[in-house]
Amino acid sequence: MSEYPSPEQLSSIVDDLAEQGWSLQPDFLTQALTLELAEECRKRAAQGTLLPASIGRGQRQAVQEGIRGDRIQWLEPGQSHACDQYLAKLESLRQAINQGLYLGLEDYESHFALYPPGAFYKKHVDRFRDDDRRAVSVVLYLNQQWQAEQGGELRLHLPDGQVCDVQPQAGVLVIFLSAGMPHEVLPAQRERLSLTGWFRRRGSSSL
Ligand code: OGA
Ligand code: MN
């Protein structure tokens, strides 16, 4: 069986990040693992463990469906075979990025996200006002046979002023430097599943 992510995929991500600040990989994981992760996300949703996502941190933290309408659950190691495999793949990506770009990424935090039909996430940057540890954002989509007319695109506002829309098709991985990339999630006509996460650096602020 070939290796996922392959050494070629890892180096193409590192090159893309260096050259343009973002990368899109159509088949980051095997289809089997992507399917298992989608099933796990659905199972968690059915069990009621995905909860309305909030924005901000500390005293500013609040659920605001007018800004983001997804439901999430954070991943912990040891919860399932599929999640542990995913975390192991992301660990190899973290090491490849550190070797290629010297970003000093220390760890990875990630959550399942489910956007019910009609839900969206308004344009934002993946950084908190009082915490600059998030350095690289990663989104893996889990939706089999997504159709263009179903909406739900990730809209990236690229540093050169262009806009790039990505359909949340199963197996697609989007990765970008968190600080320089405003982005938004457009409303979809069907449930939209993903695993979203951040490679973090050591904090420079003590807040
Ligand atoms: C986020 C986010 C993008 C997506 O959770 O911060 O921007 O496509 N998600 O789900
Ligand atoms: Mn975001």
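**Reading the model**

Mentor: R202 is exposed, with a relative accessible area of 63%. Exposed means over 50%, buried under 20% and partly exposed in between, using a 1.4 Å probe and protein chains only. Before we go on, this is a predicted model, where local features need pLDDT of at least 70, side-chain atom pairs count only at pLDDT 80 or more, totals for chains, interfaces and linings use all residues, and side-chain values use heavy atoms, without hydrogens or water. Residues are numbered from 1 along each chain as written, while chains are lettered from A and ligands numbered from 1 in written order.

Trainee: Where is R202 found?

Mentor: Look at the segment after β11 for R202. Strands are DSSP runs of E, at least two residues, and helices are runs of H or I, at least four, numbered from the N terminus.

Trainee: Which phi does Y102 have?

Mentor: The phi of Y102 is positive, about 55°, although Y102 is not a glycine. Find Y102 in the loop between α3 (81-101) and β4 (105-115). Y102 is exposed too, because its relative accessible area is 70%. Q145 also isn't a glycine, and has a positive phi of about 50°. This residue, Q145, sits in the loop between β6 and β7 (154-157), and Q145 counts as exposed at 64% relative accessibility.

Trainee: Now the ligand! Which residues come nearest to ligand 1?

Mentor: A residue is near a molecule if one of its heavy atoms lies within 4 Å of it. Ligand 1 has 13 residues around it, and H124, D126, Y141, H183 and R192 come nearest.

Trainee: How do I read the polar side chains there?

Mentor: A polar contact is a pair of N or O atoms within 3.5 Å. For H124, a side-chain N or O atom is 3.2 Å from an oxygen atom of ligand 1. D126 has a polar side-chain atom 3.2 Å from a ligand 1 oxygen, and for R192 that distance is 2.8 Å. Ligand 1 has 290 Å² of accessible area on its own, and the protein covers 98% of that (Shrake-Rupley method, 1.4 Å probe).

Trainee: Where does ligand 1 sit?

Mentor: Ligand 1 is in the largest pocket. A pocket is an open set of points on a 1 Å grid, where a 1.4 Å probe fits, with protein on both sides within 12 Å along at least five of seven lines; lining residues have an atom within 4 Å of a point. Sitting there takes more than half of a molecule's atoms within 2 Å of its grid points.

Trainee: Which elements give two or more residues to the shell around ligand 1?

Mentor: They are β5 (121-124), β6 (134-141), β10 (183-185) and β11 (192-201). The most comes from β11, with 4 residues. By type, the shell has 6 nonpolar, 4 polar and 3 charged residues. Asp, Glu, Lys and Arg count as charged, Ala, Val, Leu, Ile, Met, Phe, Trp, Tyr, Cys and Pro as nonpolar, and the others, Gly among them, as polar.

Notes: A polar contact is a pair of N or O atoms within 3.5 Å; within protein, one must be able to donate a hydrogen and the other to accept it, and residues adjacent in sequence count only if both atoms are side-chain atoms.
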